[in-house]
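Hi,

Here is the structure I promised to pass on.

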Amino acid sequence: MTELLFNIDDLPVPFKPGQTILEAAKAAGVFVPHLCHHPRLKPHGGCKLCTVVVNGRTQSACTYKVAAGQEVDIDTPELNAMRRSLVQLLFIEGNHFCPTCEKTGACELQALGYEYEMLSPHFAEFYPADREVDASHPDVLIDRNRCIMCERCVRASRDIDGKNVFGIAGRGGKATLAINSPTGKLADSDFAVTDSAAHICPVGAILVKRNGFATPIGERAYDAHPISDSVNVCEIAEEAK
Amino acid sequence: MNANPNGKPPLKVRLATTSLAGCFGCHMSLLDIDERLFELAGLAEFDRSPFTDIKQCGPCDIALIEGGVCNSENVHVLRELRANAKILVAVGACAINGGVPALRNRLKIGDILDKVYRDDSGEVHIPDDPELPASLDKIYPINEIVRIDYFLPGCPPSGDAIWKYLTDLILGRVPRLDHQLLHYD
Ligand code: SF4
Ligand code: SF4
Ligand code: FES
């Protein structure tokens with residue numbers, strides 16, 4: 001059988017039928033930025049960091065299937081500038097004070113900021129004041145101020161852990177991470193630190209307690225290497241925990 | 001800058017620095033360029049800065065601003081620097097997004113003052129000496145108050161990052177930080 005090929009940034013790349021652009025690119029060792037995508041979860045298509053141009057039209061690489069002969073642009077100045085703007089919008093929408101965040105250095109959002117040379121958040125800060133911190137659980141802390149609503153935890157809890165602990169409630173600026181328990185507190189849900197949802201957050205919104213500085217700042221996953229150095233982004237961040 | 005046909009000493013850029021609502025960590029980091037301070041002294045002379053103790057800024061080329069804007073005096077100083085400097089650089093996390101001081105932004109300033117200045121008997125004595133700058137409702141990143149030309153992130157940016165960025169600017173290059181030097185923490 002002849003090998004199936006499509007083109008990434010003008011270079012031919014093999015793929016298997018049924019693969020998404022992100023999966024095929026990753027198999028070929030090509031980095032596609034992403035936040036809501038995780039290899040263990042069903043595609044979500046929410047963050048748009050993975051936006052690529054397919055035969056002249058923008059598509060999400062994490063949901064769009066490859067076809068033979070497709071021309072896909074991934075690493076272009078225009079797309080990278082758009083990605084930088086998306087990262088900036090995510091920063092100003094929450095309270096992202098990296099120096100005070102346990103996740104710093106191992107955070108995928110921050111690492112994408114570095115990747116696209118974000119030097120400032122550019123837009124006016126929202127400084128949301130009504131997002132609750134939930135420290136009720138003995139082993140895990142939730143800081144909603146850093147949640148980017150990627151729904152990785154929602155999908156992991158529902159589809160891998162079989163528990164359905166998380167959901168996104170509300171709309172637009174009022175959207176927030178909701179916890180499925182009588183009180184809305186994590187401690188009163190059946191969540192456990194052994195759940196995959198406890199380890200899947202790309203940012204510092206779900207943090208395992210007593211773990212924060214086990215790896216010193218400056219020696220963390222993306223301190224050493226840019227996020228684009230590896231296609232196995234999520235695995236690296238999780239191992240680093 | 002290197003052209004020196006008449007044997008005159010080369011022109012130096014005039015540099016101002018200030019710390020607004022910051023911790024002086026960025027200024028300490030500037031001193032961390034160590035022996036390169038001599039090289040800097042060959043390239044630049046200081047105007048208003050904690051290093052010179054000059055209190056009012058004159059016309060200058062580059063102003064480095066540490067810290068966000070938390071009170072009326074910060075606004076005044078920032079506007080003075082904007083009026084006098086050709087290039088304003090936001091240095092460090094606080095200047096760029098408010099940083100640690102901005103953790104107070106989720107609280108109302110009235111509630112904070114009430115809490116801080118309430119004595120044991122329950123009476124509130126908020127200082128109102130006109131000499132004291134008034135607190136703003138929240139901490140603002142400096143680019144929300146005046147136009148900022150360049151941003152140098154880090155908490156603080158390392159001496160190496162400051163040196164790279166500053167020498168790029170002084171020598172007329174587009175300032176850039178590679179992965180090792182670019183940090184938000
Ligand atoms: S979650 Fe990431 S981007 Fe946000 S404050 Fe923490 S390290 Fe910074
Ligand atoms: S808590 Fe983390 S994993 Fe869950 S939606 Fe927010 S950012 Fe995503
Ligand atoms: S990774 Fe594709 S939309 Fe988030």
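Across the interface of chain B and chain A there is 1 salt bridge, taking a salt bridge as a side-chain nitrogen of Lys or Arg within 4 Å of a carboxyl oxygen of Asp or Glu. The partners are B:Arg176 and A:Glu117, whose side chains meet at 2.4 Å, N to O.

Before going on, a word on ground rules: this is a predicted model, where local features need pLDDT of at least 70 and side-chain atom pairs count only at pLDDT 80 or more, while totals for chains, interfaces and linings use all residues. Residues are numbered from 1 along each chain as its sequence is written, chains are lettered from A and ligands numbered from 1 in the order in which they are written, and side-chain values use heavy atoms, with hydrogens and water left out.

Back to the interface. Chain B brings 27 residues to the contact and chain A brings 32, contact meaning heavy atoms within 4.5 Å. About 2300 Å² is buried between the two chains, with 57% of it from carbon and sulfur atoms; buried area is the accessible area (1.4 Å probe) that two parts lose on being put together, summed over both. Of the area that chain B buries against chain A, B:Arg106, B:His179 and B:Tyr184 supply 33%, more than any other three residues.

Over all chains, the salt bridge count comes to 18. One of them joins A:Lys163 to A:Asp195, with the closest N and O atoms 2.9 Å apart. That pair links distant parts of the chain, 32 residues apart: A:Lys163 is in the loop between α4 (152-160) and β8 (166-169) of chain A, and A:Asp195 in the loop between β9 (176-179) and β10 (206-208). (Helices are DSSP runs of H or I with at least four residues, strands are runs of E with at least two, and both are numbered from the N terminus.)

Now the ligands. Around ligand 1 you'll find, among others, A:His96, A:Cys98, A:Cys101, A:Cys107 and A:Arg146; a residue counts as near if one of its heavy atoms lies within 4 Å. That shell divides into 7 nonpolar, 4 polar and 1 charged. The classes are Ala, Val, Leu, Ile, Met, Phe, Trp, Tyr, Cys and Pro as nonpolar, Asp, Glu, Lys and Arg as charged, and the others, Gly among them, as polar.

Ligand 2 has 13 residues around it, and A:Cys147, A:Cys150, A:Glu151, A:Cys153 and A:Cys201 come nearest. Its shell has 11 nonpolar, no polar and 2 charged residues. A:Glu151 also has a phi near 65°, a positive value in a residue other than glycine, and is found in the loop between β7 (140-143) and α4 of chain A.

Chain B has 6 helices and 7 strands, and its C-alpha atoms fill a box of roughly 75 × 35 × 30 Å along the principal axes. B:Ile109 is in helix α5 (residues 109-116). Leaving aside neighbours within four places in sequence, B:Ile109 touches B:Arg104, B:Ser135, B:Leu136 and B:Asp137. From B:Ile109 to B:Leu171 is 62 residues in sequence and 43 Å in space, C-alpha to C-alpha.

One more for chain B: the peptide bond from B:Cys155 to B:Pro156 is cis, with omega near -10°. B:Pro156 is in the loop between β7 (150-152) and α6 (159-170) of chain B.

Cheers
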